Amino acid sequence: MQRMSTDLRHEIISTSSEQTEQLGRLIGANMKGGETIQLVSDLGGGKTTLTKGFVAGIGCKAMVSSPTFTISKEYKGTHVTLKHFDFYRLTEAGIMQHELQEDIKDTSSVVVIEWADIIRSVLPEDTITITLRFVNEHDRKIIISAPQLRHYILKGLEWYLPYEQI
């Protein structure tokens, strides 16, 4: 997927799972529906913790767990539905690719994808990418890349670090 030159890149250091979840809450509160977010990290990098924050941010009180074995989970918020996919265990996209395409077209839903490599071809150009990298055992460097159409998702993050153009 090729990115537009108007992408914003925002880098944050999270020193705890609580901070990572709080970041997710801020982003979740900005979700309008129609967003596709791919989460990129190694195992144990904080993808599910960030998603817990997204779910809380959309106004859903459900318990969040990784959909590694179920492939997808759905959370209904006050203004959007969040559909959480985890393709870690898949070796080929198969029927999930078609389901995902339908969900991506749904402007009342947010699609969050872990391990998106297998379905990269169906990701829209305005996909938001959030990369979580280990700094040490507890700290994560979180890199958010958002295309111009989705800059609103970063509202309220100014207090973490200033935005940087990429």
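**Figure 1. A polar contact between Thr 129 and Gln 38.** The side chains of Thr 129 and Gln 38 make a polar contact of 3.0 Å (a pair of N or O atoms within 3.5 Å; within protein, one must be able to donate a hydrogen and the other to accept it, and residues adjacent in sequence count only if both atoms are side-chain atoms). Please keep in mind that this is a predicted model, in which local features need pLDDT of at least 70 and side-chain atom pairs count only at pLDDT 80 or more, while totals for chains, interfaces and linings use all residues. Residues are numbered from 1 along each chain as its sequence is written, and side-chain values use heavy atoms, with hydrogens and water left out. Thr 129 belongs to strand E6 (helices, H or I with at least four residues, and strands, E with at least two, are DSSP runs numbered from the N terminus). Is Thr 129 buried or exposed? Thr 129 counts as buried because its relative accessibility is 13% (buried means under 20% relative accessible area, exposed over 50%, and partly exposed in between, with a 1.4 Å probe and protein chains only).

**Figure 2. The whole protein chain, for orientation.** Three helices and eight strands make up the elements of the protein chain. Reading from the N terminus, they follow the order β-α-β-α-β-β-α-β-β-β-β. Of the 166 residues in the protein chain, 50% are buried. The chain exposes about 8,300 Å², with carbon and sulfur atoms supplying 52% of that area (accessible areas come from the Shrake-Rupley method with a 1.4 Å probe; for residues, only the protein chains shown count as cover). Among contacts between residues at least 6 apart in sequence, 66% join residues at least 24 apart (contact means heavy atoms within 4.5 Å).

**Figure 3. The largest nonpolar core.** This core has 27 residues, and the members that touch the most others are Ile 27, Met 31, Ile 37, Phe 54, Leu 82, Ile 130 and Ile 144 (a nonpolar core is a set of buried Ala, Val, Leu, Ile, Met, Phe, Trp, Tyr and Cys residues joined through side-chain atoms within 4.5 Å). Two or more residues come from each of strand E1 (8-14), helix H1 (17-30), strand E2 (36-40), helix H2 (47-57), strand E5 (109-114), strand E6 (128-134) and strand E7 (140-146). Another core, of 10 residues, lies apart from it, and includes Phe 87, Ile 104, Val 111 and Ala 116. In soluble globular proteins, nonpolar side chains tend to be buried together.

Figure 4. Ile 37 sits in strand E2 and is buried, because its relative accessible area is 0%. Leaving out residues up to four places away in sequence, Ile 37 touches Met 31, Phe 54, Val 110, Val 111, Val 112, Ile 113, Ile 128 and Ile 130. The C-alpha atoms of Ile 37 and Leu 123 are 9.1 Å apart, although 86 residues separate them along the chain.

Figure 5. How many of the 11 residues of H2 are buried? Nine of them are, leaving H2 mostly covered. The buried residues include Lys 47, Leu 50, Gly 53, Phe 54 and Val 55. Their packing partners are H1, E2, strand E3 (72-76), strand E4 (81-86), E5 and E6. Just after H2, Gly 59 has a positive phi of about 90 degrees.

**Figure 6. Thr 20 in helix H1.** Thr 20 is part of helix H1, and its relative accessibility of 3% is why it counts as buried. Not counting residues up to four places away in sequence, Thr 20 touches Ser 14, Gly 46, Thr 49, Leu 50, Leu 132 and Ile 142. Between the C-alpha atoms of Thr 20 and Asp 139 there are 9.6 Å, across 119 residues of chain.

**Figure 7. Aromatic residues.** Lys 32 lies over the face of Tyr 152, 4.1 Å from the ring centre (a charge sits over a ring if NZ of Lys or CZ of Arg is within 6 Å of the ring centre and within 35 degrees of the ring normal). Trp 115, in the loop between E5 and E6, counts as partly exposed because its relative accessibility is 26%. Trp 115 and Phe 87 are 5.3 Å apart, C-alpha to C-alpha, and 28 residues apart in sequence.
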